[in-house]
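Please look at the sequence and the 3D view first.

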Amino acid sequence: MEFDRIREQVADSPVGSRLLVLDSCYSGAALDTLSAGLSSASRIEGTYVMTSSDATNASRAPRGDHFTSFSGEIIRSLTDGIQGGPPLINADVLFRHVRASCQEQGWPVPSRQIGRDGDHIELMINRWGQS
């Protein structure tokens with residue numbers, strides 16, 4: 001999908017909170033595009049954008065895995081919970097956990113852009129330690 005179409009959808013959305021996850025090589029380049037094309041995405045209240053890598057690095061998609069490393073970490077974090085995390089996982093808690101995990105593994109480091117209060121978007125209860 002062309003990023004301009006995604007940008008238009010985000011800009012025109014009547015939804016109050018927006019979480020956009022971009023998982024492709026060099027996806028961090030979209031952060032500059034968002035800022036320029038949306039009269040600054042950082043000014044759109046309630047927007048949080050996560051990218052699987054920065055603008056100059058490829059993302060990691062190991063052969064045979066069902067997901068990219070970035071998406072796999074997001075899915076694991078939401079499925080299993082975040083050890084030592086808060087009772088509720090919001091967008092920024094999830095991003096920080098996934099970024100730390102990617103750094104520990106030596107994988108591409110994710111990037112983000114936060115619009116006013118976008119970091120407070122609540123996603124789910126932290127399931128860590130629950131059976």
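## The cavity

What volume does the largest cavity have? The largest cavity has a volume of about 30 Å³, and a search of the whole structure finds one cavity of 30 Å³ or more. A cavity is a set of points, on a 1 Å grid over the protein atoms alone, where a 1.4 Å probe fits but cannot get out, and lining residues have an atom within 4 Å of a point. Grid points are joined across faces, edges and corners, and the volume is the space filled by probe spheres set on the points.

The lining includes Ser-52, Arg-60, Phe-70 and Trp-107. By class, four lining residues are nonpolar, three polar and one charged.

## Basis of the model

The model is predicted: local features need pLDDT of at least 70 and side-chain atom pairs pLDDT 80 or more, while totals for chains, interfaces and linings use all residues. Residues are numbered from 1 along each chain as its sequence is written, and side-chain values use heavy atoms, with hydrogens and water left out.

## Strands

Helices (H or I, at least four residues) and strands (E, at least two) are DSSP runs, numbered from the N terminus. Strands pair if DSSP finds at least two bridges between them. Strand β2 (residues 47–51) pairs with β1 in the parallel sense over five bridges, and with β4 in the antiparallel sense over four bridges. Tyr-48 of β2 is the bridge partner of Leu-19, and Met-50 stands opposite Arg-112 in β4.

## Two cores

A nonpolar core is a set of buried Ala, Val, Leu, Ile, Met, Phe, Trp, Tyr and Cys residues joined through side-chain atoms within 4.5 Å. The largest has 13 residues, with Tyr-48, Met-50 and Phe-70 among those with the most contacts inside it. β2, α3 (69–80) and α4 (91–105) each supply at least two residues of this core, and α4 gives the largest share, five residues.

A second, separate core of eight residues includes Val-10, Leu-20, Leu-31 and Val-49. Leu-31 lies in helix α2 (residues 29–37) and is buried, with a relative accessible area of 11%. Beyond its neighbours within four places in sequence, Leu-31 is in contact (heavy atoms within 4.5 Å) with residues including Val-49, Thr-51 and Ser-111.

How values were computed. 1 Å grid on protein atoms, 1.4 Å probe; cavity = no way out; pocket = protein on both sides within 12 Å on 5 of 7 lines; lining within 4 Å. Nonpolar A, V, L, I, M, F, W, Y, C, P; charged D, E, K, R; others polar. Buried < 20%, exposed > 50% of the residue type's maximum accessible area, 1.4 Å probe, protein only.
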